[in-house]
Amino acid sequence: MIKAGLVAGLPAVKCLDGVVYLSGTLASLEAKKTAEDAAWSVPGVEQVVSKVQVATACPRTDEELLSDVQVALSRQLGSGSRRVHPVVRKGIVYLRGRVESEHQKVLTENAVAWTPCVAEVVNQLVVASGPPD
């Protein structure tokens, strides 16, 4: 379901043999993920190919965005957030470090992706159990 006011427009959608193709430009990574999730929710969809771009106009500097990302990580991971080292370049967030499970890796990426003005998340987190650094 697309949330009202979430996107500046809707992506172009094509369907062929159980594959949904999305393209166009949306206002945020949140909007892109929502469109992809909506496509996956349709019965019979076997694959979603997203060529959706995120509009890059955002009033936040990389330093301000890094601060927002660190808050999101702290909320998601608590004290475990010190094991994740985000780097922000031109609105793209690179996640490095380690987490305790695949589930935590996905939750961490999602928490960052839903941070306003994040254009993309490159998840380079490693799943490794053991005592914190």
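## How two helices cross

Axes are lines fitted to C-alpha atoms, for helices over the stretch in contact, and the angles between their N-to-C directions run from 0 to 180 degrees. In this predicted model, the axis of helix α1, which covers residues 29-40, and that of helix α3, which covers residues 102-113, come within 9 Å and cross at roughly 125°.

Where the two helices meet, α1 contributes Leu29, Glu30 and Lys33, while α3 contributes Glu109, Asn110 and Ala113. The residues of this contact divide into two nonpolar, one polar and three charged.

## The surroundings of α1

Helix α1 is made of twelve residues and reaches 16 Å from its first C-alpha to its last, which is close to the 16 Å expected at 1.5 Å a residue. Because nine of its twelve residues are buried, α1 is largely enclosed by the rest of the structure.

The buried residues of α1 are Leu29, Ala31, Lys32, Lys33, Thr34, Ala35, Glu36, Ala38 and Ala39. Their cover includes the strands β2 (19-26), β3 (47-54) and β6 (120-123), together with helix α3.

## Valine 71 in α2

Valine 71 lies in helix α2, which spans residues 62-77. With a relative accessibility of 37%, valine 71 counts as partly exposed, because that class lies between buried, under 20%, and exposed, over 50%. Although valine 71 and threonine 115 are 44 residues apart along the chain, their C-alpha atoms are separated by 9.4 Å.

Terms used. Residues numbered from 1 in each chain as written. Predicted model: local features only at pLDDT ≥ 70, side-chain atom pairs only at ≥ 80, totals over all residues. Heavy atoms only, no water. Helix = DSSP H or I, 4+ residues; strand = E, 2+ residues; numbered from the N terminus. Contact = heavy atoms within 4.5 Å. Nonpolar A, V, L, I, M, F, W, Y, C, P; charged D, E, K, R; others polar. Expected span 1.5 Å × (residues − 1). Buried < 20%, exposed > 50% of the residue type's maximum accessible area, 1.4 Å probe, protein only.
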